[in-house]
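I'm opening my notebook for this one. I'll jot down what I looked up, one topic at a time.

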Amino acid sequence: MLRYLKIAKWRANKQFKQQQKSWQPHQVKLLSHIKSIWFNLNTAQKLYLLALISLAIFKLTWLCASITIVALIVEFWPKFNQLWNSLAGKALILVFYASIANFVLASASGIVNEVTQVSANHFNYTHNFATLLYLPPWTLGITLATLLGLQLILPFYIIVLLLIKPFGSDRIKFISQSYSPLLTALTRFFLATVVFVSLIAFIDEKPPEKVLNDIVNSFENSQSLANKSPAEQEQAIEKLSEQIEKKLPSSDNDSAQTKTFGIRLEGEDENTQTVRQFLDTKGYFERSKRLIAMFAYSYEADSYSRCKKSTESKSIELNDYEIIEITPDQSMPYGYQFIVRACESAGISATKH
């Protein structure tokens, strides 16, 4: 019996070795094929492949987004320089980023008005500071959105080039420099979408999955709403507004929430409380509003004024008869209280009714 077992084991080992030898040529061919594809890829395509691996295998969205941003810079920076060297390219780039700057200026003006409760014209330096805070996310977001739009157009552009090639056009050389341009365009579009979602998730401090679900749900709701009749659209809008009002906090909840801002831990000074509440605030834009309020109080407001004010407050003169008084108040949403008061000075007295 032991002899038969030894013979069976010897035959099994022999068959395994034979199968292993038969698989070796296929493994060598597969490895050589993978190596040939890898060496045919340019630097940006290799980075795109690494980004896909980090997302598919390691499930690291932030690493995938970081590698994709580097790959986009590597791929498009030479084209950006080539476009900048032409007169029409310079005009296009300047108009593009001037439009972004105009949107940022308008958005910053509205944010300053929301924080200070007065026009941003009275807070010139604070308006400039808000512009600097909002310029990076706006620029990066609109640039990524433009790249996503270009990825949608690029396959049609390649198809048009292929159609006009039989007529003697040499423009097809533009896409023959890279390996598999159509697959690269699809991969770039997918990874640029991942970067866009990751950017929104980073700004709002939400999981990327939740951001993606919100985008998909909003798109589906807009599509279903567009297919309805005008009467049904009005009813759907009314229901949506009612749902939003139900989700909004009531006045009692507002007062309770406002009181939570003023909670101070034992032994905690004003600066420590300000830093703690700043870190507790979620979202880039909400934190930016706190920074804008702090900048207006610390740098633009005057400690001394001809108008009467409290000692711990600072003020900015709106005109000859009005000032805005800024006081640190952690019970307020942004950490400071902005109140418009009449200017009481030696030459101007308060009007009594």
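**Ground rules.** I'm working with a predicted model, where local features need pLDDT of at least 70, side-chain atom pairs count only at pLDDT 80 or more, and totals for chains, interfaces and linings use all residues. Residues are numbered from 1 along each chain as its sequence is written, and side-chain values use heavy atoms, with hydrogens and water left out.

**Helix H3.** I looked up H3, residues 61–84. Helices here (H or I, at least four residues) and strands (E, at least two) are DSSP runs, numbered from the N terminus. The expected span is 1.5 Å times one less than the number of residues.

Which residues of H3 are buried? I noted Cys64, Ala65, Ile67, Thr68, Ala71, Leu72 and Glu75. Buried means under 20% relative accessible area, exposed over 50%, partly exposed in between (1.4 Å probe, protein chains only). Cys64 comes out at 0%. The buried residues of H3 pack against helices H2 (43–56), H5 (124–164) and H6 (181–204), with contact meaning heavy atoms within 4.5 Å.

**Disulfide.** I searched the whole structure and got one disulfide, that is, a pair of cysteine sulfur atoms within 2.5 Å. Cys307 is joined to Cys343, S to S 1.8 Å. Cys307 sits in the loop between helix H11 (284–300) and strand E1 (314–317), and Cys343 in the segment after strand E3 (336–342), so the pair ties together parts 36 residues apart in sequence. Both cysteines are buried.

**Cores.** A nonpolar core is a set of buried Ala, Val, Leu, Ile, Met, Phe, Trp, Tyr and Cys residues joined through side-chain atoms within 4.5 Å. The largest has 24 residues, and Val115, Phe123, Ile292, Ile324, Ile326 and Phe338 touch the most other members. Helix H4 (87–116) gives the largest share, six residues. A second, separate core of 16 residues includes Leu47 and Leu191.

Lys59 has a positive phi of about 60° although it is not a glycine. I found Lys59 in the loop between H2 and H3, exposed at 62%. Glu205, also not a glycine, has a positive phi of about 55°, and at 38% Glu205 counts as partly exposed.
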